[in-house]
Amino acid sequence: MIDSRIATLREMLNASRRAVVFTGAGISTESGIPDFRSPGGIWTKYQPIEFSDFLASKEMRREAWRRKIGADETLTRAEPNRGHRAIAHLVNQGKATSVITQNIDGLHQRSGVPDEKVIELHGNTTYAACLQCEHRYELAPIFAAFKVDEEPPVCDECGGFVKTATISFGQQMPFEAMRRAQLETDACDLFLAIGSSLVVYPAASFPIRAKQNGARLVILNRERTGLDGIADLVLKLEIGPTLGSMTGVQ
Ligand SMILES: [Zn+2]
C-alpha cells in the first residue's frame, strides 16, 4: 500500500501546471557521495580553500588539485539512483520544467535530465574551466599531467588558472544560473525541495521566494529542515523509494 503522504504528493503534482525541482546533497548521499558538511565529510577533514587563496597562491592551487584527485574516485564510481531517475522522469514527462541543484556531481544530467534543464548553483566538479576565458577542460588529461610534476594547470588559450568548474568559498555565485533559478522559481506553482537542509543562502531563498509568489512548497528530506514551518507538505522519508513509488520509476 502506498503511504498516504506519497499519495498526497502525487495529487499535488497532478494538480500542478508547472513544477520545479530543487535538490541538495541528500539525493546524492543515496548514490554514495558524502555530504561535505556532514560529520566525516570532506570539509570537516580539511579547511576549505577560499577562492582568494586559490588565486593568490600557487601552493594552494597545487593543494586544491591534490585534493581533487584524492576525492575523485568516489565521484566517478557514483551512479544516479532511483531518486535521480524519478526526477528525470518528471522532467521528461513535462511535469517539472527544470532542476535547480546545489550539487556539483552531474548526476541529474547522467540520469537523463537534458543539460539545459539543470541549473547548477554551485557549479560542476566533473570538468574544469579556465577562470579567465571559461574554456572547458576535461579532468583526465589534467590529472595525468599533474601526477608527473604537480604543476597546477593553466589555460592553453590565455594562460589563466584552470580550476574545477565549481563555485568555491568566497567565489561569486554564477550570475546566469542564479537568474535562471529565480525565473523558474517565480514561474512555478509547485516547488519540490529535495534532500536539502535549506539553511545555506542564497540557495534556501528559493523555496521562500516560491511561497511568497503563491506556489505550494513540498519538502522531502530525511531530517527536519529550516523551512518545514512554511511548507504545505513535509515528507521525512528516504528520497529514492519515495519518488520511485510516486512515479512508478524503479
Ligand atoms: Zn583561458
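The legends below describe close-up views of a predicted model. Local features need pLDDT of at least 70 and side-chain atom pairs pLDDT 80 or more, while totals for chains, interfaces and linings use all residues. Residues are numbered from 1 along each chain as its sequence is written, and side-chain values use heavy atoms, with hydrogens and water left out.

View A. C130 belongs to strand β4 (residues 123-130) and C158 to the loop between α8 (139-149) and β6 (162-166), 28 residues apart. C130 is buried at 3% relative accessible area, whereas C158 is partly exposed at 33% (buried is under 20%, exposed over 50%, partly exposed in between; 1.4 Å probe, protein chains only).

**View B. The ring pair of W65 and F143.** The ring centres are 6.4 Å apart and the planes stand at 75 degrees, so the pair is edge-to-face (centres within 6.5 Å, planes over 60 degrees apart). W65 in helix α5 (residues 58-77) and F143 in helix α8 are 78 residues apart in sequence (helices are DSSP runs of H or I, at least four residues; strands are runs of E, at least two). Both W65 and F143 are buried.

**View C. Arginines over aromatic rings.** The charged end of R61 sits over the ring of F161, 3.6 Å from its centre (CZ of Arg or NZ of Lys within 6 Å of the ring centre and within 35 degrees of the ring normal). R136 lies over the face of Y127, 3.9 Å from the ring centre.

How values were computed. Phe/Tyr/Trp six-rings, centres within 6.5 Å; stacked < 30°, edge-to-face > 60°.
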